[in-house]
Amino acid sequence: MKKKQRGQLIVLSGPSGVGKSTVIAELLSLRDDIHFSVSFTTRTPRTGEADGVNYSFVTREHFEGMIAGNELLEYAEYVNNYYGTSLKVINEKLDEGIDVLLDIEVKGAAAVKTKCPEAVLIFIIPPSFEELSRRLKNRNSDEDDVIASRLQTAREEYREIPHYDYLVVNDKVSAAALELEAILTAEACRTKNRLNLIEGV
Ligand code: 5GP
């Protein structure tokens with residue numbers, strides 16, 4: 001089959017504690033043709049995180065230099081840290097016909113949709129808000145006030161859901177990853193993405 005002319009930009013958002021990273025890891029194990037965009041951030045690495053794998057960890061000065069140099073497709077400040085997506089890497093991959101997956105919060109997602117209307121926006125939620133609260137508490141890593149503030153942020157993020165193209169429920173990780181894969185397959189089959197298959201007929 002002929003290769004796609006341009007890759008699909010896929011944006012995934014969801015509240016803290018929903019299990020996004022686990023679902024993404026599962027999706028990437030099912031599909032080896034997706035490039036996961038490693039964001040830049042000024043926050044410090046968590047245990048187990050590696051520079052260049054989970055994020056590119058940079059200083060505030062470095063990040064502000066990237067903003068000034070227009071090097072970012074989008075960026076946002078989230079809990080006192082900058083997070084942003086490199087324009088150069090994304091464009092290179094999309095030009096090669098490779099799909100690119102971004103894991104970004106709601107403001108960044110809105111900015112991407114404005115700049116790239118063809119991007120597919122997917123929001124991932126837990127089966128219920130009570131379940132989200134339970135998952136955050138079970139992590140045992142945050143104080144009650146931090147959990148309360150994450151739940152409040154989640155409520156605000158939920159208000160943006162109508163702007164997303166798809167809503168995936170993470171009840172079971174494997175099922176959520178399959179829902180994501182089904183969305184990507186359907187998007188790839190859109191007529192506008194397949195016109196190259198009928199060229200010259
Ligand atoms: P965390 O610190 O938990 O890894 O991420 C916090 C939030 O930042 C998550 O909602 C994540 O999706 C978002 N995020 C990660 N990278 C980016 C980015 O490049 N741009 C934006 N706008 N948000 C990001």
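Trainee: Which residue in strand 7 is the bridge partner of Ile10?
Mentor: The structure is a predicted model, in which local features need pLDDT of at least 70, side-chain atom pairs count only at pLDDT 80 or more, and totals for chains, interfaces and linings use all residues. Residues are numbered from 1 along each chain as its sequence is written, and side-chain values use heavy atoms, with hydrogens and water left out. Strand 1 (residues 9-13) and strand 7 (residues 99-103) pair in the parallel sense over four bridges, where pairing asks for at least two DSSP bridges between two strands. Within that pairing, the partner of Ile10 in strand 7 is Leu101.

Trainee: Why is Lys115 counted as exposed, and which residues is it in contact with?
Mentor: Lys115 has its place in helix 4, and it counts as exposed because its relative accessibility is 53%, given that buried means under 20% relative accessible area, exposed over 50% and partly exposed in between (1.4 Å probe, protein chains only). Contact means heavy atoms within 4.5 Å. Leaving aside neighbours within four places in sequence, Lys115 is in contact with Leu72 and Leu73.

Trainee: Which residue of strand 4 is the bridge partner of Phe40?
Mentor: A second open sheet holds four strands in the order 4-3-6-5, with mixed pairing. Strand 4 (55-57) and strand 5 (72-78) stand at its edges with a single partner strand each, so one side of each lacks a neighbour in the sheet. Three bridges join strand 3 (residues 39-41) to strand 4 in a parallel run. Across this pairing, Phe40 has as its bridge partner Ser56.

Trainee: Which residue of strand 6 is paired by a bridge with Ala76?
Mentor: Strand 5 and strand 6 (residues 81-86) run antiparallel and are joined by six bridges. These two strands form a hairpin with two residues between them. In strand 6, the bridge partner of Ala76 is Tyr83.

Trainee: What is the phi of Val79, and what is its relative accessibility?
Mentor: Most residues other than glycine have a negative phi. Val79, in the loop between strand 5 and strand 6, has a positive phi near 45 degrees. Val79 counts as exposed because its relative accessibility is 61%.

Trainee: In which loop does Asn70 lie?
Mentor: Asn70 has a positive phi of about 55 degrees although it is not a glycine, and it is exposed, with a relative accessible area of 62%. Its place in the chain is the loop between helix 2 (60-68) and strand 5.

Trainee: How many nonpolar, polar and charged residues make up the contact of helix 1 with helix 7?
Mentor: The axes of helix 1 (residues 20-30) and helix 7 (residues 173-188) come within 9 Å and cross at roughly 60 degrees. Helix 1 brings Thr22, Val23, Glu26, Leu27 and Leu30, which meet residues of helix 7 including Val173, Ala177 and Leu184. Ala, Val, Leu, Ile, Met, Phe, Trp, Tyr, Cys and Pro count as nonpolar, Asp, Glu, Lys and Arg as charged, and the others, Gly among them, as polar. By class, this contact has nine nonpolar, two polar and two charged residues.

Trainee: How far apart in space are Ser174 and Ser133?
Mentor: Ser174 lies in helix 7 and is partly exposed, with a relative accessible area of 30%. Ser174 and Ser133 are 41 residues apart in sequence, and their C-alpha to C-alpha distance is 21 Å.

How values were computed. Axes fitted to C-alpha atoms, helices over the stretch in contact; angles between N-to-C directions.
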